[in-house]
Amino acid sequence: MTEQTPIIQMREISKSFGGVRALNNVDIKVYSGEVHALLGENGAGKSTLIKTMTGVHQPDSGDIYLRGELVRFNGPRDAQQMGIGAIYQEPSLFPDLDIAENILAGRQPVSGGRINWRQMYRAARDLLQQLGVQLDPRIKARNLSVAQQQTVEIARALSLNAQLLIMDEPTSSLTSTEVEELFRIIRQLRQTGTAVIFISHRLEELFAVADRVTILRDGNYVGTREIAGVKTDELIQMMVGRAVDDLFPKQVAPLGDTLLEVKGLTATGKFENVSFALRAGEILGVAGLIGAGRTDVARALFGIQPISAGTIEIAGQEVAIQNPRQAMKLGLAFVPEDRQHHGLVLPMSIAANITLPILSRFTRTGGWMRERAAKQVAAVAARRLEVKSAGIDQKARELSGGNQQKVVLAKWLETNPRILILDEPTRGIDVGTKAAVHQLMSDLANQGVAILMISSELPEILGMSDRILVMREGRITGEYTRAEATQEKIMASATAVSPN
Amino acid sequence: MNATVPKAQESRSLFLTLVRFRELSIIIFIILLIVIVSWNTPAFFTTTNFRTILLNISILSIVALGQTMVIITRGIDLSVSSMIGLVAMMVSFTVVAFPSVSPPLAILLGMLLGAILGSFNGLIITIGKVPPIIATLGTLSVYRGMVFLYSGGTWINSFQMPAGYRALAKADPLGIPNIILFAAVVILVVYLFLNYTRPGRDIYAVGSNPEAANVAGIPVQRTIFMVYVISGLLAGLAAVLWASRFESAQTNTALGFELQTVAASVVGGVNIFGGSGTVVGVILGAFLLGTIQNALIMVRISPFWQLAAQGLLILAAVIVDSAILRRLQKLGGIGE
């Protein structure tokens, strides 16, 4: 295999986004006729790496060699023309057009000056048959399942003579039979000499379909292994093997009564049979990979995501939470993951954002606002969290990510929550603010607030949590105390491999 | 995927047949309307009246087809009525000043002027990056303003127009009035264009998923520019037919007509958010609109009520249509 020229070789690829290094001198070689898996935690740089291969991103430095020749992609079309096909998590089809046109969009067969539909359907049917799939090419893309849409995208890539097919988590929304069908297609492509790069978080899938695996961690290349000779322990070790020292450990807080108890909580298609309890003064970390259903559980607790089964008890009382307003009345607060969309009203001032959930406190009879009182409260809250700004009248949009997060926190703390749900509380914010947020969480726990913290950063989970839940595909797959938790155990639960 | 093929395919084919006749619900609505109105107004269900309806919707169909192409690309062209007004005025002035200009030449001149006006819309939208609704709202006023500037507030009446020009729309050398033939030719050409040429298919691709269209190598901006030029060109053709049919060109010619073209498209099943719409649907939409207008006059509904009744019937048609469509999609078992 090493004798061959690789179909694609990436050499010392680096890429930064606004000062954050997404890729740092990454090397990878992929040969034709191999299925090459990319493995790594959330944020390890897998998606960025494949986007540099498909021309979506241009690397800051480093070279890309296609069949031994140095190339440069100025856009996705360049890469496509040079035989690189990509299938992203979200299918990018034309929902209003039928399968045949989706495959041949912009390249419809023309004879005698007009499009030859019959020939187009025949070509599409042939391509689908090559993949061993029976689908009527006249069906509109919007009526296809995700798996079928992926098949159409694969057919399109083949019709463009793709010799390298890149798939970003193609199995994440497929059922197990659909996954098997996809793997059958991938194996078939391998036989005809197509190279396939494949991202998946599910280790068992790598063992089922991949020939080799390259592991990335924090934007760095860790290593490449032959699947045949590698053990899961080693892969997990390579994924997480990071020193656990840059932590701001939680101070010990006295644990009080159980404030929140969830039994058998289920939202069909999102998560299933989730049960846990949370005590006053406790920080419960929820670990898992993106898409494991953690955020959906948080949304369900806050009345955004409807539940289909299970009960929620707050301070021993069973409650039905149907909307955020009810959740807030019960003493819940939710700091969402996406602060720009769900946490803040960007064009509004800091003061207006902070007082948004507690406006009723400043309402006089007749609906008039007591503006000055509201601003005073906002000013105190902003000072307490050390929001760095030109004043509380500054627009939220103009703040840095860290300060925006502080405003979101200030906003929810003003509601005096008993139960605080934090979804990725320190994603994308600087180290200093991170420390401040962690300190604040410790203080709140000391005051008896119960905290549910969703985080994809293992060091944060290990450092801040009294107890840790791990979720995978909508289920709780592990629960560890602070003492027994390790990165390896959590990653094993998150990727469904029993440790040892 | 494979295992379920035989069963799935069976329900699929039924589903497909129904969806392909997505226009079925409009046809049903039209038939219902005709039956109800004919019941107490026998004069409604006659060849003469049918001919009147066709005459009335010929111009609407032509302009609505241009509008449809624009809407499929996720845009809208509100300026069509002003383009009609301006081109009608300019061409009429020209034929009055130069009676030697033959009717076919007048038609070509109208289409050329319309295409030029439409290309301004296209440039503002593609190069100026102005949202189509804003851009054409602007040119709606600009072009109407130019009608006043050009005509100086005067108008062309029937007596000033050369006979050949007046006969252009109404003469029937082939047994059918020319205006209906013009509409028929436009319908056929647009049908072939949208279904059998790459630029035509690109219109659907661009409206269905602009990013995917770009990656597939489809010239997105050029396609968007093109539909506004076509919309202008068809408005220009309609303008000459309008002036000929009504034997006049006035400053308020076609005022408010843009909404009828949008209504015909939407009633005809064109998705206002882009991506889909068929020629057959739009023609049926225009026919339904024409039938409603005609019926309301025939049953002697008070003129005060006519506009409101027309609007209510249009809303009813759209609601029924979308209800049927939702039903069909449920039956089809989408995403199995």
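Predicted model: local features only at pLDDT ≥ 70, side-chain atom pairs only at ≥ 80, totals over all residues.
Residues are numbered from 1 along each chain as its sequence is written, and chains are lettered from A in the order written. Local features need pLDDT of at least 70.

Q: In what order do the six strands of the open sheet stand in chain A?
A: Strands here are DSSP runs of E, at least two residues, numbered from the N terminus. Two strands pair if DSSP finds at least two bridges between them. The pairing in this sheet is mixed. The order is 18-19-20-15-21-22.

Q: Why is one side of strand 18 and of strand 22 of chain A left without a neighbour in the sheet?
A: Strand 18 (332-335) and strand 22 (475-481) of chain A each have a single partner strand.

Q: Which residue of strand 20 of chain A is the bridge partner of Asp423(A)?
A: Strand 19 (residues 419-423) and strand 20 (residues 450-454) of chain A pair in the parallel sense over five bridges. Leu420(A) has Ile451(A) as its bridge partner in strand 20. For Asp423(A), the partner is Ile454(A).

Q: How many residues of strand 19 of chain A are buried?
A: A residue is buried if 20 or more other C-beta atoms, placed from the backbone, lie within 10 Å of its own. Ile419(A), Ile421(A) and Asp423(A) point one way, Leu420(A) and Leu422(A) the other, and all are buried. The count for strand 19 of chain A is five of five.

Technical notes: Helix = DSSP H or I, 4+ residues; strand = E, 2+ residues; numbered from the N terminus. Buried ≥ 20, exposed ≤ 12 C-beta atoms within 10 Å, placed from the backbone.
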